[in-house]
Amino acid sequence: MSVDRRDLIKLLLGTTVAGSVVGRSKEARGEKGSKESVVPQVACLVDTTLCIGCRKCEDACNRSNRLPRPKQPFSDRHVLRERRRPNAAAFTVVNSYPEGPSRTQLDRDETFVKFQCMHCLDPACVSACIVGALTKTEAGPVVYDADKCIGCRYCMIACPFEIPAYEYLDPTTPRVRKCTFCVDEQQHNAANPACAMACPVEAIVFGERSSLLELAHRRIEGNPARYRDHVYGEYEVGGTSWLYLTGRPLAEIDLLELPDDAPPRLTEAIQHGIFNYGAAPLAFYGGLAGLMWFTSRRNKKSNDND
Ligand code: SF4
Ligand code: SF4
Ligand code: SF4
């Protein structure tokens, strides 16, 4: 009987409880940034009241990550009106939000918002990844190791910001794709993200998270008419490494209203409840071993054919 990868994933999901993306213990997650971390966390502050929607950050990200060039040039600003999300070919996108629903022209009354992976302090994608392909580095970036990834896509289900994308069009070596924080592969540190470097109006500021939070609150206090009294990402889902200032209600500009609790805490609570009796993990990891065997066998077959 032939069984394909999709059937095997369904089988795995059937042996566990749906939605109980398997969180691993804090220790098992290894490198981890958290509010208690002693290593200074890097971050970016996006001031949406400064952004002019030039898309230079998108262009810089595309070049920096050697992504395929889009059909329309980055100078084409019409796409700003689409409700785009980051995808496998664009790790960051900028959307525009007019003040009123009837406005049709791009003008100064619009708010532009840049989206990318938020590099959460307690990332649900890391918690969900059962083989450690995603890790939270001490300095803040959430990094991905394609060599460890088995393509289960739990991270995509787990991410509260709907960020990880999958290279569905690549039949040979599909990867999960998302913003890398322009991480230095050797140091696992983020330094001078290409998007922040490219921004002509300093709508993106890179630095230590604690300093950026101080800066954000100073801006709010200094100009309460311009800003809402809320730094988005300071507490959402346990805090994120990308922070936002805005003058508009979150719902109007597609910044998701999320609880302060980090999703991994919830998934771990579910996991502990489910797995206390041992049978489920055995079934799950047995199935997982099967999936890994199936993947390596398929790769070997493909190599042999080549
Ligand atoms: S935004 Fe999503 S993909 Fe990025 S770190 Fe948070 S959970 Fe992971
Ligand atoms: S930090 Fe780097 S990878 Fe992330 S959006 Fe900016 S340019 Fe792209
Ligand atoms: S480069 Fe700066 S101003 Fe231009 S769209 Fe990106 S964040 Fe906005």
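**Notebook: rings, cores and ligand shells**

I looked up the aromatic rings first: F181, F206 and W242 form one aromatic cluster. I am working on a predicted model, where local features need pLDDT of at least 70, side-chain atom pairs count only at pLDDT 80 or more, and totals for chains, interfaces and linings use all residues. Residues are numbered from 1 along each chain, chains are lettered from A and ligands numbered from 1 in written order, and side-chain values use heavy atoms, without hydrogens and water.

**Ring pairs**

I noted three aromatic pairs in the structure. Rings of Phe, Tyr and Trp (its six-membered ring) pair if their centres lie within 6.5 Å; planes under 30 degrees apart are stacked, over 60 edge-to-face, and the rest tilted.

How are the rings of F181 and W242 arranged? Their centres are 5.8 Å apart and their planes at 45 degrees, so this pair is tilted. F181 sits in the loop between β7 (176–177) and β8 (183–184), while W242 is in strand β11, 61 residues apart. Strands (E, at least two residues) and helices (H or I, at least four) are DSSP runs, numbered from the N terminus. Both F181 and W242 are buried, meaning under 20% relative accessible area (1.4 Å probe, protein chains only).

Next I checked Y232 and Y244. They form an edge-to-face pair, 6.1 Å centre to centre, with 75 degrees between the planes. Y232 lies in the loop between α6 (209–222) and β11, and Y244 in strand β11, so the pair ties together parts twelve residues apart in sequence. Y232 counts as buried at 1% relative accessibility, and Y244 at 0%.

**Cores**

I then turned to the largest nonpolar core, which has 35 residues. A nonpolar core is a set of buried Ala, Val, Leu, Ile, Met, Phe, Trp, Tyr and Cys residues joined through side-chain atoms within 4.5 Å. F161, I204, W242, Y244 and L255 touch the most other members. Elements that each supply at least two residues of this core include β1 (42–47), α2 (56–64) and β11 (242–245). Another core, of eleven residues, lies apart from it, with L213 and L243 among them.

**Charges over rings**

Which ring does R85 sit over? Its charged end is over F115, 5.2 Å from the ring centre. R153 lies over the face of Y166, at 4.3 Å. The test is NZ of Lys or CZ of Arg within 6 Å of the ring centre and within 35 degrees of the ring normal.

**Ligand 3**

Last, I listed what surrounds ligand 3: among the residues are C51, C54, C57 and C199. I counted a residue if one of its heavy atoms lies within 4 Å.

Key:
Buried < 20%, exposed > 50% of the residue type's maximum accessible area, 1.4 Å probe, protein only.
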